[in-house]
Amino acid sequence: MYAPGGNQFVGGPFWSNGPAPGAFYNFPGGAAATASGMQAQTETPGQFGTQRSYQPVTTGSSVVGLMFQDGVVIAADKLISYGSLARFHDVDRVYRVNDKTILGIGGDFADFQYIKRHIDQKVIDDQCLDDKNEMKPRSFYNWLTRVMYNRRSDFNPLYLDLVIGGMQDGEPFLGHVNLRGRSYTSNVVATGYGTHLALPLLREYSENPATYQTLKQPQATDLMKRVMEVLWYRDCRSDPKYSQAICTTAGVQLDADCFVAQNWDLAHTIKGY
């Protein structure tokens, strides 16, 4: 079906938010979103040309995800930095999407606020259908991959590192999507400084695909505590307070008041600072 007064395909009544046969997917900020009153993703160049973001401004640091035998755990500290200034404290960067999916975000927090509106709308659409079907983590992961790659192809990326976890068909799922739409799945995922500091602590579980099947939930949460402690000691953009989400077949457990068990006994030996 063609749109009135144009030659662009629009979805039919059975799938109004998706592409018509042979057409492209309707991404956030695209043509269909513009027709419904939302701002277009690409605008006509103004006096100084088309403006683009060259770097993120208010950012969150590392996000760490780990699969265990019965589920997935994702953790991130609660600090949003304005450059090198620890500006916004007590900001959650780990979220429950639905009973099967959790999400951790690093990078520009304003970009995440933009895309979270669309994520929330997808969840509401699922609830309105009331067909007992929820968005699964792998579907959510694939959708984010397409959205991020679409923005990258428009030279206007969302400066985000996204960690997606959840349970699908009784099996744990963990994946990562970056600002270029590059994605992968693994037993262990870390972003930011966690790539250098967290992954070595979890090397046993990242290099052996079957090792996570022997890892219980209490062991996984203890490992995550150790990782967040090391990040607090070594990453100057981190915070001792962090939030953690655990997804199992029983649902999602979100704890937004976790604290690093700090130990500064060696501080008196450091001289010259």
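Mentor: Let's start with Leu-103: leaving aside neighbours within four places in sequence, Leu-103 is in contact (heavy atoms within 4.5 Å) with Arg-93, Val-94, Tyr-95, Val-97, Phe-112, Ile-119, Phe-140, Leu-144, Leu-162, Val-163 and Ile-164. Bear in mind that this is a predicted model, where local features need pLDDT of at least 70, side-chain atom pairs count only at pLDDT 80 or more, and totals for chains, interfaces and linings use all residues. Residues are numbered from 1 along each chain as its sequence is written, and side-chain values use heavy atoms, with hydrogens and water left out.

Now zoom out. A nonpolar core here is a set of buried Ala, Val, Leu, Ile, Met, Phe, Trp, Tyr and Cys residues joined through side-chain atoms within 4.5 Å; buried means under 20% relative accessible area, exposed over 50%, partly exposed in between (1.4 Å probe, protein chains only). The largest such core has 26 residues, and Leu-103 is among those with the most contacts inside it, along with Phe-140, Leu-144, Leu-162 and Ile-164. Elements giving two or more residues to this core include strand S7 (101–108), helix H2 (109–129) and helix H3 (137–153); helices (H or I, at least four residues) and strands (E, at least two) are DSSP runs, numbered from the N terminus. H3 supplies the largest share, six residues.

Apart from that core lies another, of 21 residues, with Val-73, Leu-215, Val-227 and Leu-231 among them. Val-227 and Leu-231 are also among the buried residues of H6, which pack against strand S2 (63–68), strand S3 (71–77), helix H4 (194–201) and strand S12 (241–248).
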